[in-house]
Amino acid sequence: MATAFIPPNLRPLTGGIDRCAVTGANVRQVIAELETRFPGIAHHLRQGDALSPGLALVIDGVVASRGLWTAVPPTCEIHFLPAIAGG
Amino acid sequence: MATIEDQKTKTEYKVLGTRPIRHDGTDKVTGRAIYGNDVRMTGLVHGRVLRSPHAHAKIKSIDTRAAEAMPGVLAVVTSAHLEPMKDKVAFLGEGSVNLHDLTQNILARGKVFYRGQAVAAVAALTPHLAEEALERIRVEYEPLPAVTWILDAMKPDAPILHEHLRLDANGKQGNKPTNIAKHIQFELGDVAAGFAKADVIIEREFKTASVHQGYIEPHVATALWNQDGHVKIWSSTQGSFTCRQQTAELLGLPVSRVTVVPTEIGGGFGGKIRVYLEPVAAILSRQCGRPVKVSMSRADCFEGTGPTPGSFIRVKLGATKEGRLVAGEAWLAYDAGAFPAGIIGPGCMCIFACYDIPNAKVDGFDVCVNKPNTAAYRAPGATNAAFACETVIDEIALALKLDPLEFRLKNAAREGTRRVDGPVYPRIGLVETIQAALAHPHYRAPLEGKNRGRGVAVGYWFNIGLKSSAAANVNPDGTVSLIEGSTDIGGTRTSAAMQLAETLGIRAEEVLPQVGDTDSVGYTDVTGGSRVTFATGWACYEVGLDIRRQMAERAAMLWECAPHEVEFDAGTFRRNGDAMTFRELAGRLGETGGPVVGRATVDPHGSGGAFAVNIVDVEVDDETGKVSIQRFTAIQDAGKAIHPSYVEGQIQGGSAQGIGWALNEEYFYDDQGRMRNASFLDYRMPTAYDLPMIDAVIVEVPNPGHPYGVRGVGEVPIVPPPAALAVAIHRAVGVRMTELPMSPPKVFAAIAKARSDK
């Protein structure tokens with residue numbers, strides 16, 4: 001099962017839980033799943049059909065660029081991190 | 001989708017790793033290359049921008065009538081000529097920009113947030129007329145108190161820039177306006193328990209000044225708003241497509257109505273991604289019906305474009321007496337300048353990125369101040385963070401009486417290490433890079449003489465992937481014309497061409513690369529994030545595979561066999577004893593169906609991080625505080641060095657900029673928020689007189705996420721120099737420098753204080 005890591009500043013919404021198992025096939029479904037468990041969290045993770053501005057999605061250490069439509073492998077780590085723009 | 005083929009196991013290349021003469025070399029050394037300011041066309045007129053003299057003020061009125069009445073003045077524009085933007089975010093590949101803030105930065109609306117902010121612009125027949133017209137624009141300001149230092153801006157009674165920001169200094173959303181735009185937090189393990197296990201704990205505070213990217217070519221843009229409503233822009237930009245997107249959004253046009261032609265670029269380093277002049281030149285052209293060129297002076301660049309953030313950082317690290325790091329804590333505040341910025345994020349992610357620290361916590365704050373909106377600068381945010389972390393690492397190594405590099409090696413991040421921000425590293429090359437430093441003769445070389453010292457430091461940068469496109473046409477003479485979308489900085493068109501040449505088994509000189517405009521090549525993200533040789537190179541590799549597939553079909557036609565029976569090896573197509581070189585087959589395309597065009601677009605993800613180590617020797621003049629660098633060795637993992645000379649050039653260039661940041665460069669502000677050194681006479685960048693030969697050592701730990709093992713190389717070399725120099729100064733004269741730049745007055749003051757404390 002995949003594991004979604006909760007950014008520390010959103011953990012007040014999860015009662016301090018820092019990660020949880022998720023079953024969604026893509027990131028959109030994963031965020032919906034998180035919203036069901038932790039109401040209000042989706043607002044911080046997505047804006048309409050896109051990830052929230054300034055957020056990057058990292059799956060198993062690799063930045064994924066397809067946003068909510070990124071497929072989630074059955075066993076992986078999902079991280080929501082600050083987006084990086086280089087110089 | 002991009003693919004990785006058999007190259008992962010290929011160890012011997014014919015083109016990669018060689019040093020061909022760059023394709024654009026002749027034009028650049030003879031002065032024939034077309035840079036932004038070389039754009040000429042019939043009817044061209046000249047634009048200039050009026051900038052705020054105040055660091056913070058309300059704009060009560062702008063009267064442009066006197067300027068408009070001047071003979072030879074063709075247009076005067078203010079923010080009234082741009083549609084107000086809502087709080088909307090435009091995505092620029094991985095980064096994004098808030099269009100409301102961006103339009104305010106282009107031409108101020110109602111308020112100015114920093115001295116140098118654009119307020120109005122003029123187009124006139126000559127540059128001098130335009131400048132004269134600026135003087136006739138009457139702007140009535142109501143000055144407001146300004147704040148330029150981060151910690152002052154975080155105080156409860158600080159002057160407020162934006163009423164809508166409500167984060168308090170604890171990162172909580174409050175009811176009162178503040179200057180804090182963002183709070184970032186990372187946690188790993190149990191920090192309190194980690195520190196409880198530590199035998200040595202060291203905590204220090206650091207300050208760094210704002211520094212500018214210092215590109216030698218000031219910003220310049222030319223725009224022609226055609227009668228058919230199509231806007232064409234020639235710009236010195238790091239990304240033609242992101243320039244197009246920002247400009248179209250600000251002008252309220254679909255992107256299909258804007259074409260951006262990237263000119264050659266005289267440096268960017270992250271400072272030429274956000275638009276400044278392009279929309280202004282466009283609306284001036286719309287107003288006057290002529291092509292308009294707008295350029296900046298050096299002072300405009302300093303005062304009106306993004307420097308890198310000034311910062312305040314507190315770092316606490318704990319280690320066991322066996323030399324194992326067990327806990328870390330960092331608190332970072334980066335100034336965003338006038339509008340929220342995004343550099344605090346990577347700063348927080350990089351600060352402990354070189355180490356395997358099981359328990360760590362990082363808090364970061366993005367803080368608005370009355371300075372230009374900060375922008376990316378080579379590994380944005382990482383240099384500030386490394387200066388702080390590496391200095392404390394050195395102190396701990398000394399306290400434990402351990403060799404500083406051995407201590408780093410013992411605690412180095414490697415494959416499987418979990419970073420403080422969460423992800424686990426794939427195969428990385430930090431261990432090999434530190435080992436190369438340990439084995440380098442410089443590290444053990446005798447260091448003699450008064451007030452001389454040696455320092456080491458390491459640095460990390462993520463590198464990024466993003467989207468790239470390329471297409472190539474096979475010519476009848478066996479050459480290949482390549483068009484790709486990445487603005488060439490540092491010789492990237494050649495490193496991309498070399499990867500195509502390798503894939504096709506031809507010489508680098510037989511690929512003829514050029515950079516396309518937004519109408520002639522597929523979408524390509526910015527030249528930044530150390531991504532071009534990685535991602536655009538990958539696109540060229542895919543182009544090569546596409547050409548090989550098509551050429552095999554042509555060979556099969558001539559040999560009357562199935563395409564899968566045709567093999568390709570080292571530039572030759574073969575089948576059952578028949579053989580044709582790439583060039584021979586290229587000459588027969590006309591009789592087998594016509595031209596062959598290969599094309600590819602990629603969006604690769606496995607960019608792989610980059611690590612660098614510096615060894616530096618200095619001599620400190622204890623009567624003046626001047627630091628002279630005696631020897632400098634920069635060691636870096638490049639994955640696979642496609643063109644070693646360019647990799648060395650990036651290492652040397654980045655190191656030189658890191659040295660400038662460390663020793664001299666800074667924005668000086670007076671108490672009114674005015675920059676007092678907005679020229680290269682007073683803003684002290686290093687010159688050839690200040691620098692020794694920088695010995696660049698390339699380590700190659702192939703990136704498993706790229707067909708040729710490439711890692712980006714352009715950014716990480718700027719990361720370790722300030723920390724390495726601070727350590728070297730400590731070894732030379734016994735003082736710990738915790739503030740950048742370590743300019744002569746500061747070093748002298750530190751020496752004097754140390755002497756008086758004795």
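This is a predicted model: local features need pLDDT of at least 70, side-chain atom pairs count only at pLDDT 80 or more; totals for chains, interfaces and linings use all residues.
Residues are numbered from 1 along each chain as its sequence is written, chains are lettered from A and ligands numbered from 1 in the order in which they are written, and side-chain values use heavy atoms, with hydrogens and water left out.

**Exercise 1. Find out which residues of helix α4 of chain B are buried, and what they pack against.**

Step 1: Locate α4(B) at residues 127–135; helices (H or I, at least four residues) and strands (E, at least two) are DSSP runs, numbered from the N terminus.
Step 2: Pick out A130(B), A133(B) and L134(B), which are buried (under 20% relative accessible area; exposed is over 50%, partly exposed in between; 1.4 Å probe, protein chains only).
Step 3: These residues lie on the same side of α4(B) because they cover an arc of only 105° around the axis, taken from the directions from the helix axis to the C-beta atoms.
Step 4: Turn to the other side, where H128(B) and E135(B) are exposed.
Step 5: Finish with the packing: the buried residues meet β1 (45–51), α2 (65–68), β3 (73–78) and β7 (118–124) of chain B (contact means heavy atoms within 4.5 Å).

**Exercise 2. Work out how strand β1 of chain A pairs with β2(A) and with β7(A).**

Step 1: β1(A) (residues 2–5) runs antiparallel to β2(A) (residues 19–22), joined by 4 bridges; two strands pair if DSSP finds at least two bridges between them.
Step 2: Within this pairing, T3(A) has A21(A) as its bridge partner.
Step 3: With β7(A) (residues 77–82), the pairing is parallel, over 2 bridges.
Step 4: Here A4(A) faces I78(A).

**Exercise 3. Describe the surroundings of E329(B).**

Step 1: Find E329(B) in strand β16 (residues 325–337) of chain B.
Step 2: Its relative accessible area is 28%, so E329(B) is partly exposed.
Step 3: L317(B) is 12 residues away in sequence, yet the C-alpha atoms are 6.4 Å apart.
Step 4: Leaving out residues up to four places away in sequence, E329(B) touches several residues, including V191(B), F195(B) and K361(B).

**Exercise 4. Is S468(B) buried or exposed, and which side chain makes a polar contact with its own?**

Step 1: S468(B) belongs to strand β19 (residues 468–474) of chain B.
Step 2: With a relative accessible area of 0%, S468(B) is buried.
Step 3: The S468(B) side chain makes a polar contact with that of R531(B), at 2.6 Å (a pair of N or O atoms within 3.5 Å; within protein, one must be able to donate a hydrogen and the other to accept it, and residues adjacent in sequence count only if both atoms are side-chain atoms).
Step 4: Beyond residues up to four places away in sequence, S468(B) also touches others, among them Y523(B), A535(B) and V602(B).
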